[in-house]
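Please open the structure in your viewer and keep the selection tool at hand. The tour below moves from one selection to the next and says what is there at each stop.

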Amino acid sequence: MSFSDFLLMRNELLLVAAAVIILIADMSFSDENKRGLYNISLLTMIIITVLGFLPAPSGKLFGGMYITGDIYILMKNILNIATVIVLLQSRGWLEKPGQQKRMGEFILLLVSVLIGMSYMISSGHFIMFYLGMELATIPLAALAAYELNKSKSAEAGIKLILLAAFSSGILLFGTSLIYAAAGTLYFEGVMAILDSTAFTTLGLILFFAGLGFKISLVPFHLWTADVYEGAPTNVTSFLSVASKGAAVFILVIILNTVFKSLNDVWDPMVYALIIITITIGNLFALRQRNIKRFLAFSSIAQAGFIMLGVINDGGLGMATVIYFVLVYVFSNLAAFGVAAAIENETGKESIDDYNGFYRTNPRLSLVMMLAMFSLAGIPPFAGFFGKFFLFTAAAEKGYYILTLIAVLNTIISLYYYLLVIKAMFIDKNGAPIGYFKSDTAMQVSLVICILGIIVTGFTSGVFDYMVNLSQQFFLTLQ
Amino acid sequence: MIENIPLSHILIFSTLIFFTGVYGFLTRKNMITMLISIELVLNAVNINFVAINKYMFPEQLEGHFFTLFIIGIAAAEAAVAIALFINLYRNIRSIDVDEVTEMKH
Amino acid sequence: MDKEALILFFLSAIAIVGIGMLLSWLVAPKSKNIQKKEAYECGIPTVGSSYMQFRVGYYLFAIIFLIFDVETVFIFPWAVVMKSMGMTAFIEIIIFFGILGLGLLYAWKKNALRWD
């Protein structure tokens, strides 16, 4: 192995370098003025994101522990974009007087999580997967508890770390059973050896429960609402798109490679999970009045929709999952961006406070409206195509009843997404939130999100490209 | 000497520890105890990996190395969790889960 | 044969501890007064309960210690294969130490190591 092989890990190595740069920069800026630190971090992250689009070699490293290829790079690019948007959105919040001192911690933890997610996606071995997953979880708990003098924030951090540790323990127990059955921990080796017995099924179920926690599928979703509400809004937005997206990506990869031979075991499992996840997520979202809690339950329902692509277990399914996550990144971050801007300015989080928001802040209301339309899946926005492709993927395999249930649930979800829009545009309010101007970084991030919602919806090339890559991925498996 | 103990005994033992941990996590109210329960779960996994490695696949050391990584990460997890407990204690003067009820829907 | 060895092992373990405690009980001078039962035998009467809370600063040190302590778990396997792997292993461990050292430097710079 020569040192040029390390170029395969380009994205991760650059991120590690960025983390080191940010660490050193944090030490060298004074506590009172950290603007320079923010600019440096943003610049490095943008450079890394742009570099990610350059053509990259594919191959394996460390004897198959680390796998990379075009589809892996694509997934990492989506996560990089999400991180840059979150970083842009958190500028106003980070630069508040009194907050600046700890800005370095926030950015550093955010980049660490991104490193962990990248390694997790590229893992070809259970140790690598576990390391990446924990690196993507532990800093998130610290981020959730970032606001030290708010007890809600502390609560969110504790709930996240305790449940994450517990679920990773369960996941590891499943892994140990799979190890006993296969005798190796390399994904390739396990894939070749694993056969469907009661023992491996138990291993798969425990493993799936651990990952289901990260995606917040329904029996494992109990932490979601509390953590989303308690954590700072910018952290919540990162948690709901990047963390969930990364977990979905690796779930698709692992189910289709490692557990391929257990296909007839996890297909009914995913089938049942989709139905309860979408339904319960929707029903709970109906009665939420806090915008963060509302988005938490809506994200649970969206996770259920994403699983429609997973159940397809083929190239089309994988492509739809990636496409939907990309769309979801833009739509959800737009919604969270507006929520964060309002919270920053006024400290209000309740949907009732949004009454009459259109009169005072028409532009932000329009962004929120677009985001809600996209999340609800109203044509011609990207969210519609995302959901449409997911339904196609599920129907392709003959899951017609499942697709029907999902479509019915889309209609329920339409109701509560429109409630937010109704509050902003139609409901009267004696004392609406006053006019305010959000900072430039926030505006840029919202423009990126809106462009993303529209461009990914209207250009068919994006989806074709993903289908192409996914089919290549499945071809190399055989 | 250890060869005389069959693998099944070790696996039964580790499974018992695992479920003790799960039970403790679900029933205990004190957060430190919950953290200890999680450590029990992780230690059950460690025993599993080492025993399976030693008995079934002694030519490779993957199980042993997985254990090392689990120990390292468990320490990091405990460090962060305890720091968060202290932070919570400063805010609400308690680390009992029954007291942590600010967000109920 | 093995069972006997195990029993012998436990018996000798109990015996060694027991004999030590017995000897110290026989030989050591005994004093029976009230101060003996206090938390600190420094002459000053203790105020309040000796079950007091410790400063949170101890935890900070303990946490930082814990992280660096556990890293040794990764250094032992490295030490075993260091000779056979040569330069690559050396560079890798230097990077490992470098990142650890950077973490310590960060804690230092953030005044996490200051006691006041």
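**Where two chains meet**

Begin by selecting chains B and C together: 11 residues of chain B are in contact with 10 residues of chain C, where contact means that the C-beta atoms of two residues, placed from the backbone, lie within 7 Å. On the side of chain B that touches chain C, 9 residues are nonpolar, 2 are polar and none is charged, where Ala, Val, Leu, Ile, Met, Phe, Trp, Tyr, Cys and Pro count as nonpolar, Asp, Glu, Lys and Arg as charged, and the others, Gly among them, as polar.

This is a predicted model, in which local features need pLDDT of at least 70 and side-chain atom pairs count only at pLDDT 80 or more, while totals for chains, interfaces and linings use all residues. Residues are numbered from 1 along each chain as its sequence is written, and chains are lettered from A and ligands numbered from 1 in the order in which they are written.

**Helix 2 of chain A**

Next, select residues 35-51 of chain A, which form helix 2; helices (H or I, at least four residues) are DSSP runs, numbered from the N terminus.

Which residues of helix 2 of chain A are buried? They are A:Leu37, A:Tyr38, A:Ser41, A:Thr44, A:Met45, A:Ile48 and A:Thr49, and because they cover an arc of only 135° around the axis, they lie on the same side of helix 2. The arc is that of the directions from the helix axis to the C-beta atoms. A residue is buried if 20 or more other C-beta atoms lie within 10 Å of its own, exposed if 12 or fewer, and partly exposed in between, with C-beta atoms placed from the backbone. On the other side of helix 2, A:Gly36, A:Asn39, A:Leu43, A:Ile47 and A:Val50 are exposed.

**Helix 17 of chain A**

Now move to residues 362-376 of chain A, helix 17, whose 15 residues reach 21 Å from first C-alpha to last. Here 12 of the 15 residues are buried, so helix 17 is largely enclosed by the rest of the structure. After helix 17 comes A:Gly377, with a positive phi near 85°.

**A last stop at A:Ile138**

Finally, select A:Ile138, which lies in helix 7 (residues 138-144) of chain A and is buried, with 25 other C-beta atoms within 10 Å. Not counting residues up to four places away in sequence, A:Ile138 touches B:Ala76, B:Glu77 and B:Val80.

Conventions. Helices (H or I, at least four residues) and strands (E, at least two) are DSSP runs, numbered from the N terminus. The expected span of a helix is 1.5 Å times one less than its number of residues.
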